[in-house]
Amino acid sequence: MTGAMTGGEISRRAFLKGGGALIVGFGLARVGLAGQANAAPPGSPLPIPVDQVDSYLTIHADNTVSLFSSIIERGNGTRTSLLMIAAEELDVGMDQISFARLDTSTTPFSGIAGGSQGTSIGGSFTRAAAATAKQALLGLASTNLGVPVASLSVDRGIVSGGGKNVTYGELVDGELFDLAIPQQVKRNDLGVFQYLLRPGLEPGEAPAKPIDQYKLVGRPQPRVDVPGIVTATLTYSGDVRLPEMLHGRVVRPQGQSSLLKKRTPGGPYGTNYTLELLAGGGQAVLSVDKSSIRHIAGARVVRVGNFVGVVAPDEWGAIQAARELKVRWEKPSTPLPGNDNLEKALRAAEPGLPASTPIPGPVSPLLITEMGDVETGLSQAAKTVSGTFRTSYLLHGPVGPHNAVADVTATGATIYHQCGPSYNLAAQGVAAAVGLPAASVREISLQGSSFYGGVSTDQDCPTAAAVLSKAVGKPVRVQFMRWDDMGYDNYDAAEVIDVRAGVDANGKLTAFDYVAYSQEDAAQPPSAINTGGVYLIPNRKVVGNVAPRLFMTAPLRSPMDRGPAFSTEQIIDELAYVVGSDPLEFRRQNMTGNDPWLAVLEAVASAAKWRPGPAAAKLSDANVVTGRGFGFGTHAYGGGLQGPGLDFRTLDPTTPAAAIADIEVNKKTGKIVVKHVYAAVAPGFVINPARVADQVIGTAVMGTSQALIEEVTFNKSNVTSRDWATYPSLRFKDHPNVTPIVIQQLDVLPGGAGEEPISALFPAIANAFFDATGVRLHRVPMKPAVVRDALARAGRK
Amino acid sequence: MATKLKIRVNEHVHEVSGSRDTPLLYVLRDELHLIGPRFGCGLAQCGACSVLLDGKELRSCVTPVAAVAGKSITTLEGLPALWARKRKSAGAAQELHPLQQAWIDVGVPQCGYCQSGMMIQAADLLSTTKNPTEHRIRVAMNGHLCRCGTYPKILTAIKRAAAVMAKEERA
């Protein structure tokens, strides 16, 4: 079978001792682990103790190591970085260590693969476990060899001392460590905020290895999973097939309708919203004509409330049945505003609407930052500028829509899919949907098509498969169709932003006033850094207003950073322009020295050979013109910790990013082509510089796509962007060449590196457009119609 | 019922169980358990499902299996053998196709979901164009979507593979 899964039950202890037989079969005993007393209580979604070495790694007789982590590989190379961290601490080779499959019945919670935290925080768990294991192994070796620990050396898992050798495998001899990890004992109760406080060990923090002894970490390493990807030998979630498995599809209107009518304080559906979303996003089923698919062999309709699905023995049969089944739906009762009225809909923010940040409680309007008095600051300014900016709803848009296999029995369920950033979340959704205790649903995660954030499909798809499996009594695989993914994603929220700012006669910023309107309910309020936090501004105020919810939203790679950076960094550029300054020099004059933000600025300026001077100095009447622009951006992940007067940089290691974009504009067609991007990040201590460079390249291309052409569209009833024709994504022909710059800072904690350049690129492109044309763009995507309109308004067409 | 349809995939003949209108993709994945070609859109918009049909790139998600009878299909799994035949080294231990090796050497994939289709399209390109220019590569690859942003590295890898293949052919 393609999925390489075999039957048979095996306990974790047997697995640990057995050296890697793949486990499957529901009912796997969650027993046998040492330190069971520290395990979460029955029914907890986190069954594996987080403070035990044995939860994280197993040393086998052949001197190889299996590593366990809840951090999934989403294409960023994170799992390779975690292997590097463990191999470094243990002094084994990369060829001696590999990951066990992420399975909630065998894998401890050890951070989430999101919010720029996978390597930084996930790595701290892994480092603490490996460093603790290493100390224990050295102790065993000292006894075994009769040599003091200080006289031992380790290479490739072989401990040497006094002229003798012993391997880790021989020392462990099939036993468990049965050993607590001190750091993780004291931080065992992992609340959502405690894991932000970095629960393990940082690079070089004793008993972890001193940084100057590193052999692997900090040096470029290839991704361990690439050969499997390139030779079609790595099993993706979509490749899993179980015996007796049927194929299923969901039937619903193609494109979700408005959720406005479902809105209630505290969230529309509570924790069990996925089945409702599956059920047409609020449109009720009026009738289902089962006879309409009678001609399709083996096809069967499953209806649970407003949920309608089909199953068939073969995939094509299921697809045809879903397509041909006649279902009548109620009309959406609450209209969507339509794209053209989005700004008005967002401005209808209501005081008191919940913001749904990780800390419950905040309601609209949210005061993010206030220093000094902006009105006073504006009155002191020699020159002021202002602007209103708008971003659009964006799709996560994996190339492969989500897929899942669910096997539901009377006593439990197993789901196989690519889990989202939050471990065990889908299992909880499935449990609620099929009426099982949360602890009886096992979630196995395999590599999948990356979806760049939190979506809903990663819960909806296994939920659909589980509802179908329960109904037919067999395993069911659901592959979402293209329209499922695009029509029912939890989009990244659109924003409307008003900014006013002033500068004095000496070119110093005096005031910055930022007011945003967005329905955002899953990500943090506008980041305090992307809204002028980089600069020295004596009077600054940042406010977020919560607008009525049109759709469910979820974080998309660099969530709630695009609008802030797009608006703020254009306003800063405009201030530089009105005082006749070079955009970079203007920024330097308004920043503190010795700032990592200056490091990324200088890095891109140097790489791009930036020639100082005011923007838009060489405007041309030619139809095709070129320009160059700069922008800062980041992703600040401690959203819930924001508040008035808080300096983010002291709370969270935030990764500064800077970008310079070289663009070409065709004034007649309105098409912008980004020819080259120079992008720099300073993520602190970089575990794997080559893979961070990949992330800079990837985010530069993705950011270009989002900034230029991506936009969820909807009419007055439903979402209308449901394929790659109606939701365009940057194609090969138009991609920029990218010069990635990764700044290594050995004395700074590891930060995120998978998202930051995206927000920097939005204003870099817009500022390049101004440089090329002398016209500001206030709306993303900066698609041809937006460009033509802006040029026409400015009389420059 | 008529005799069962037969298709030739990676030089093996397979008897198709599904109906004649089943898209080739589902036959490859569900009957032959080949995991190189993948479902991306079902609309021939993204190229995740691409295979070679007599050496030319084809979208298997919209091609009825009956349409490929009597022709030769190659998936990602078949690229090493295709390269071995081209070098007339059949029977010898198969090494990776230069494109696969370049993908590894350059470290192209991020999530990797689209990369099978990318390598298939590149194999089509390099079978007809030796040492293509950057512009030629950009145009040839334009129908294939990557959301992770690996295009720049794909460009590098194709140039690298092209150089290796040109050298092999001179040898």
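In chain B of this predicted model, helix 4, which covers residues 115-128, packs against helix 6, which covers residues 151-170, with the two axes 11 Å apart and at an angle of about 40 degrees. Because of that angle, helix 4 of chain B is oblique to helix 6 of chain B, and the crossing of helix 4 of chain B and helix 6 of chain B is right-handed. From helix 4 of chain B the contact draws on Met118(B), Ala122(B) and Leu126(B), while helix 6 of chain B contributes Ile154(B), Ile158(B), Ala161(B), Ala162(B) and Met165(B). Sorted by class, the residues in this contact between helix 4 of chain B and helix 6 of chain B are 8 nonpolar, with no polar and no charged residues.

Turning to chain A, the reader finds 21 helices and 25 strands in a chain of 797 residues, of which buried residues make up 59%. When contacts in chain A between residues at least 6 apart in sequence are considered, 78% of them join residues at least 24 apart.

Two of the sheets in chain A can be followed strand by strand. One is an open sheet of 3 strands in the order 1-2-3, and its pairing is mixed. Its edge strands, each of which pairs on one side only, are strand 1 (57-59) and strand 3 (97-99) of chain A, and the twist from one strand to the next averages 20 degrees. Strand 2 of chain A, residues 65-67, runs parallel to strand 3 of chain A and is joined to it by 3 bridges; within this pairing, Val65(A) has Ile97(A) as its bridge partner in strand 3 of chain A.

Another open sheet of chain A has 3 strands in the order 5-6-7, with antiparallel pairing. Here the edge strands are strand 5 (153-155) and strand 7 (164-167) of chain A, each pairing on one side only, and the twist averages 25 degrees from one strand to the next. Strand 5 of chain A is joined by 3 bridges to strand 6 of chain A, residues 158-161, and the two run antiparallel; Ser153(A), for its part, has Ser160(A) as its bridge partner in strand 6 of chain A. Helix 4 of chain A, residues 120-145, packs on this sheet by touching strand 6 and strand 7 of chain A, and its direction makes about 135 degrees with that of strand 7 of chain A.

Lys209(A) sits in the loop between helix 6 (182-186) and helix 7 (226-230) of chain A, and Lys209(A) counts as buried because it has 22 C-beta neighbours inside 10 Å. Apart from neighbours within four places in sequence, Lys209(A) is in contact with Glu88(A), Glu89(A) and Tyr214(A). Asp91(A) is 118 residues from Lys209(A) along the chain, and the C-alpha atoms of these two residues are separated by 9.7 Å.

Technical notes:
Residues are numbered from 1 along each chain as its sequence is written. Chains are lettered from A and ligands numbered from 1 in the order in which they are written. This is a predicted model: local features need pLDDT of at least 70, side-chain atom pairs count only at pLDDT 80 or more; totals for chains, interfaces and linings use all residues. Two strands pair if DSSP finds at least two bridges between them. Helices (H or I, at least four residues) and strands (E, at least two) are DSSP runs, numbered from the N terminus. Axes are lines fitted to C-alpha atoms, for helices over the stretch in contact, and angles run from 0 to 180 degrees between N-to-C directions. Angles under 35 degrees count as roughly parallel, over 145 as roughly antiparallel, 65 to 115 as roughly perpendicular and the rest as oblique. A crossing is left-handed if the near helix is turned anticlockwise from the far one by less than a right angle, and right-handed if clockwise. Two residues are in contact if their C-beta atoms, placed from the backbone, lie within 7 Å. Ala, Val, Leu, Ile, Met, Phe, Trp, Tyr, Cys and Pro count as nonpolar, Asp, Glu, Lys and Arg as charged, and the others, Gly among them, as polar. A residue is buried if 20 or more other C-beta atoms lie within 10 Å of its own, exposed if 12 or fewer, and partly exposed in between; C-beta atoms are placed from the backbone.
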